[in-house]
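Please look over the sequence and the model below before reading on. The paragraphs that follow go from the whole chain to a single residue.

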Amino acid sequence: MPDSAVLLIDCPDRRGLVARVSSVLYEQGANILHADQHRDEELGLFFMRVEWALHVSSGNGAAFDLAAFRSAFTPLAAELEMNWSLTSSAQRPRVALFCSRYLHCMADLLHRWYTGELHCEIPLIVSNHRDVEPLAAFYGISFEYVPVTIASRDEAEAHELDLLALNAIELVVLARYMQVLSPRFVAHYPSGIINVHHSFLPAFTGARPYHAAHSRGVKLIGATSHYVTEVLDDGPIIEQDVARISHREQVEDLVAKGRDLERVVLSRGVKWHLERRILRYGNKTVVFD
């Protein structure tokens, strides 16, 4: 990522929003790299993402002053009823990866992180099985084995939340973590847990979606990355992809094709979140290019 700042905005739509935001950026000396906006016609909501360079301002060559911009923008945001966030690429979000026994999504994310594609820190991997422990050791990441049973789920989640707090985790990624998180756990990370589901939601929610798809005789299978909410597999969708199948293919073939889809949609969802390209509203998302 460039040395940049990102401003995300959502608010009631009205005339002149883009001009007023741009004016503050201009007055503060911002060199805008990207700007995009979207309007929800039905709800009358406005969404905007602006990214600008931090290395110099347009006037005297000094570094851009984020604190001064924040002070200048706050009154405007209050006047226009904006929900907004301001972040810098210097802030590398701290991410925890959770998985169970399927490692294809985990291995893909770790490789993308190692090669610099994912702009974050990954200090922690958590699993209810030990299969991923060698992979964690290879990448030099702390591994925590937290077994989960029906009787021990509350205790296990309390321990996991302690681990997340200890490591100052901002984003939890469920890379095929085959456990249902409790509402209490989810409440600690609103819009901060990304899951991959191995179907084209809202079709085939829950367990064994490939088996359900095969039984139904579908001609397309898919995978979905989404934010986690209290309702299973019902959170705001970030990314989806599909693959065509035929009547000749068995469940094992669907699983094999699906693994590629799962890797792609999860990595895209995580990358876009880290790059502050996603705005969530209700049960939808705006994903800026």
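**From surface to one residue**

The protein exposes about 14200 Å², and carbon and sulfur atoms supply 52% of that area. The model is a predicted one. Turning from the surface to the residues, 48% of the 289 residues in the protein are buried.

Next comes the overall form. Along the principal axes, the C-alpha atoms of the protein fill a box of roughly 60 × 40 × 35 Å. The radius of gyration of the protein is 21 Å; this agrees with a compact globule, because a globule of 289 residues would have a value near 19 Å.

The chain contains eight helices and 13 strands. Among the contacts in the protein with a separation of 6 or more, 66% are between residues 24 or more positions apart.

Where is Asn 167 found? Asn 167 sits in the loop between helix H5, which covers 153–166, and strand E8, which covers 171–174. Is Asn 167 buried or exposed? Its relative accessibility is 16%, and buried means under 20%, so Asn 167 counts as buried. Leaving aside residues up to four places away in sequence, Asn 167 touches Arg 94, Pro 123 and Leu 124.

Technical notes. Residues are numbered from 1 along each chain as its sequence is written. This is a predicted model: local features need pLDDT of at least 70, side-chain atom pairs count only at pLDDT 80 or more; totals for chains, interfaces and linings use all residues. Side-chain values use heavy atoms; hydrogens and water are left out. Helices (H or I, at least four residues) and strands (E, at least two) are DSSP runs, numbered from the N terminus. The radius of gyration is taken over C-alpha atoms; the globule rule is 2.2 Å times the number of residues to the power 0.38. Buried means under 20% relative accessible area, exposed over 50%, partly exposed in between (1.4 Å probe, protein chains only). Contact means heavy atoms within 4.5 Å. Accessible areas come from the Shrake-Rupley method with a 1.4 Å probe; for residues, only the protein chains shown count as cover.
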